[in-house]
Number of protein chains: 2
Amino acid sequence: MQTIRVDTPTAKYDVFAGSGLLQSLAPRIQRVVGRLPRRVFVLTSEPIWALWGQVFSSSFAEPPIALFLPPGEKHKTMASVDRLLREMLRAGGDRGSLMIAFGGGIVGDVGGFLAAIFMRGIPYVQVPTTFLAQVDSSVGGKTGVNLHEGKNLVGSFHQPRAVFADIAVLGTLPVRELKAGLMESVKAGIIRDRSLVRYMEENASSIIGRDARALEKVIVASIRMKAEVVSRDERESGLRMILNLGHTVGHAIEQATAYKVLLHGEAVAWGMIAALYIARTRGTITAAQHQRLERLIHLYGPFPALKLRPAKVIAATGADKKNIGGVRRFVLPVGIGDAGVVEDVSPAELEAAVRYMLEQAKP
Amino acid sequence: MQTIRVDTPTAKYDVFAGSGLLQSLAPRIQRVVGRLPRRVFVLTSEPIWALWGQVFSSSFAEPPIALFLPPGEKHKTMASVDRLLREMLRAGGDRGSLMIAFGGGIVGDVGGFLAAIFMRGIPYVQVPTTFLAQVDSSVGGKTGVNLHEGKNLVGSFHQPRAVFADIAVLGTLPVRELKAGLMESVKAGIIRDRSLVRYMEENASSIIGRDARALEKVIVASIRMKAEVVSRDERESGLRMILNLGHTVGHAIEQATAYKVLLHGEAVAWGMIAALYIARTRGTITAAQHQRLERLIHLYGPFPALKLRPAKVIAATGADKKNIGGVRRFVLPVGIGDAGVVEDVSPAELEAAVRYMLEQAKP
């Protein structure tokens with residue numbers, strides 16, 4: 001097991017990553033929060049709970065109160081939040097209660113948001129079960145839900161007390177989700193970690209084959225990058241923006257396909273393809289670097305094809321949350337291992353990049 | 001105009017209290033937040049906007065985008081929040097937008113909560129229009145909505161950038177609301193400010209008659225008390241609890257009457273009557289002090305009568321948010337000008353106090 005420290009102005013906490021953490025979860029949580037409160041809630045999904053509920057509960061003297069969120073973005077809504085808050089209240093939840101978010105990114109975002117607003121805030125712990133959630137969404141305190149108009153438009157910054165990333169749980173993850181999640185590690189490498197890029201180029205088969213050592217290496221490197229960035233910029237005023245590489249176009253694709261066709265990581269893969277294209281035409285990466293990074297993304301593919309008109313994707317970029325005062329922000333890689341944010345991507349550049357990406361993505 | 005500083009770990013801001021602030025609101029806000037952003041939202045209610053919308057907008061180069069919340073607790077819901085968030089988004093709101101909450105306590109709580117969660121948090125300003133909101137709810141950063149199961153069970157701590165309490169606006173406030181609001185000042189006096197108690201005893205007619213000097217004196221003293229307590233205990237872990245004098249039973253009455261019979265301040269009045277009774281039987285106030293404080297409360301009455309069974313009120317105290325781990329917390333005055341929190345009020349004591357209060361409150 002490895003421990004990675006996150007240190008923000010509002011909270012300091014550890015991310016624990018390793019195999020088999022789930023069996024001893026209760027004592028591990030107690031070491032962080034002290035005595036467990038009268039009401040411990042676990043937000044999860046039925047499929048995860050069917051696979052791992054027994055193991056999860058085994059270390060608790062009194063089993064936590066399970067709350068369920070059906071899988072899928074379409075349940076990541078204010079209506080679900082309203083229902084779950086009321087369930088918590090009826091089950092005797094109070095200001096001293098603890099929330100555990102046990103599932104993928106959606107469960108983590110909703111569980112964190114419930115903790116942020118129930119009785120104006122209770123503590124919570126993240127126990128992410130997907131690769132994506134382990135390396136990305138469980139760290140950093142971003143919580144929230146979607147509106148009809150777009151993803152993650154509502155939420156809070158509310159840091160967890162700890163994150164427990166049990167790599168063993170990834171054993172039951174569908175390979176498509178694993179590959180999609182690995183896009184966050186590719187992103188981490190591109191923006192911040194040259195050696196992770198090389199490692200992922202050279203070890204794709206053991207990573208996709210879930211060799212425990214290879215997975216742990218990629219996960220720990222990815223979490224380290226995320227923890228470092230979050231520690232330096234908790235509220236995404238500057239540096240943290242670079243974590244959004246591939247997200248401007250990625251979110252637009254998700255929205256244009258009504259969140260029904262792609263996993264988040266797959267949308268980010270296509271979004272990175274678009275961003276890399278702009279970076280190469282602007283010269284912040286060379287043609288050789290462009291080729292190498294594009295090849296790396298496809299190494300963890302193939303990703304679902306897209307039948308979209310460019311205009312639809314472009315229009316959808318207008319609703320992105322990262323836009324302030326009407327400016328369209330874009331994260332572009334600078335060489336391999338660095339990135340920056342630009343605000344002057346022209347409509348023509350955006351269109352060319354979207355066309356280039358859709359050409360590769362066509363069925 | 002007087003300026004009262006609030007200084008919490010997460011934010012420092014000023015409360016400005018005086019007559020005629022509304023005419024020059026835009027430059028006043030600019031002095032606090034810098035240049036106004038592209039989208040300025042104002043959450044308000046139709047009746048307030050009909051009376052004061054013109055004056056409110058007059059100082060803005062571009063009028064703010066008005067969002068409306070119908071009056072009444074029954075609209076202080078997650079459903080309203082969902083609708084308003086979507087309106088903000090469709091009107092072009094982004095992370096740089098500013099929210100102004102212009103109305104009573106409900107508008108302030110909902111406006112603050114919208115600001116807390118829209119795009120994971122935007123800045124906001126409070127412009128309270130009721131006495132209650134000016135002296136209490138606009139200061140301290142508590143935001144949120146009700147659940148079906150009880151009041152203010154969902155929300156955030158999100159401090160405003162500034163509060164502008166324009167005493168002139170109280171000129172259109174119904175007298176019933178004024179009197180209900182004055183209960184917060186009575187409460188402020190009882191728990192923290194002997195001289196405010198005396199002032200309110202001696203000047204009831206000029207206060208109820210809205211003599212500007214008398215009102216400003218009461219409002220400024222009340223805000224000072226609130227600001228001091230909030231500055232020392234932002235998240236209600238200790239000291240801030242004493243602000244809940246009268247609230248344990250008060251909330252229970254509101255819930256038992258489905259929020260339809262009493263204004264919040266009226267419920268707090270009856271709740272204080274119950275709390276004073278317990279304090280006297282325990283000896284934390286003398287019989288003479290009890291009589292004097294009860295007389296003060298009634299001086300600003302009469303309050304609507306209650307036809308409630310004691311058991312219903314007692315049951316409703318169980319759902320109070322201030323309970324942690326099943327303990328029923330009670331704020332009790334200690335003499336005049338001080339208060340403490342106790343956790344050992346027995347069912348028998350509670351019942352006796354509720355019966356005593358309901359006897360006075362019967363039709």
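Is Tyr259(A) buried, partly exposed or exposed? I shall return to that residue after the two interfaces. Please note at the outset that we are looking at a predicted model.

Let me begin inside chain A. The chain is divided into domain 1, covering 2–172, and domain 2, covering 175–361. Their C-alpha centres are separated by 26 Å. To the contact, domain 1 of chain A contributes 34 residues and domain 2 of chain A contributes 32 residues.

How much area do these two domains bury between them? The value is about 2900 Å², with 62% of it on carbon and sulfur atoms. On the side of domain 1 of chain A, the residues that lose the most area to domain 2 are Phe131(A), Lys151(A) and Phe157(A). Together these three account for 23% of what that side buries.

Turning to the polar terms, the count between the domains of chain A is 14 residue pairs in polar contact, with both residues at pLDDT 80 or more. The rule also finds two salt bridges across this interface. Asp136(A) forms a salt bridge with Lys226(A), and there the closest N and O atoms are 2.8 Å apart. As for secondary structure, the elements giving two or more residues to the domain 1 side are strand S1 (2–7), strand S2 (12–18), helix H5 (131–137) and strand S8 (150–157) of chain A. By residue class, that side holds 13 nonpolar, 14 polar and seven charged residues.

I now move to the interface between the chains. Here the contact takes 38 residues from chain A and 37 residues from chain B. The buried area is about 3300 Å², and carbon and sulfur atoms give 58% of that.

How many salt bridges does the rule find across the interface of chain A and chain B? There are four. In one salt bridge, Glu149(B) is paired with Arg90(A), with 2.9 Å between the closest N and O atoms. The polar contacts between chain A and chain B number 12 residue pairs, again with both residues at pLDDT 80 or more.

On the chain A side, two or more residues come from each of helix H3 (78–90), helix H4 (105–117), strand S7 (142–147) and strand S8. Helix H3(A) gives the most, with seven residues. The side of chain A that touches chain B divides into 15 nonpolar, 10 polar and 13 charged residues.

Asn152(A) is placed in strand S8 of chain A. Its phi is near 55°, a positive value in a residue other than glycine. With 10% relative accessibility, Asn152(A) counts as buried, because the cut-off for that class is under 20%.

Now to Tyr259(A), which is located in the loop between helix H10 (247–256) and helix H11 (264–282) of chain A. Tyr259(A) also has a positive phi, of about 60°, although it is not a glycine. To answer the opening question, Tyr259(A) is partly exposed, its relative accessible area being 21%.

Finally, the cis peptide bonds. In chain A, the bond from Gly301(A) to Pro302(A) is cis, with omega near 0°. Pro302(A) sits in the loop between helix H12 (287–299) and helix H13 (310–316) of chain A. In chain B, the bond from Gly301(B) to Pro302(B) is cis, with omega near 0°, and Pro302(B) is in the loop between helix H12 (287–299) and helix H13 (310–316) of chain B.

Note on methods: Residues are numbered from 1 along each chain as its sequence is written. Chains are lettered from A and ligands numbered from 1 in the order in which they are written. This is a predicted model: local features need pLDDT of at least 70, side-chain atom pairs count only at pLDDT 80 or more; totals for chains, interfaces and linings use all residues. Side-chain values use heavy atoms; hydrogens and water are left out. Domain bounds come from an automatic or database domain assignment. Contact means heavy atoms within 4.5 Å. Buried area is the accessible area (1.4 Å probe) that two parts lose on being put together, summed over both. A salt bridge is a side-chain nitrogen of Lys or Arg within 4 Å of a carboxyl oxygen of Asp or Glu. A polar contact is a pair of N or O atoms within 3.5 Å; within protein, one must be able to donate a hydrogen and the other to accept it, and residues adjacent in sequence count only if both atoms are side-chain atoms. Helices (H or I, at least four residues) and strands (E, at least two) are DSSP runs, numbered from the N terminus. Ala, Val, Leu, Ile, Met, Phe, Trp, Tyr, Cys and Pro count as nonpolar, Asp, Glu, Lys and Arg as charged, and the others, Gly among them, as polar. Buried means under 20% relative accessible area, exposed over 50%, partly exposed in between (1.4 Å probe, protein chains only).
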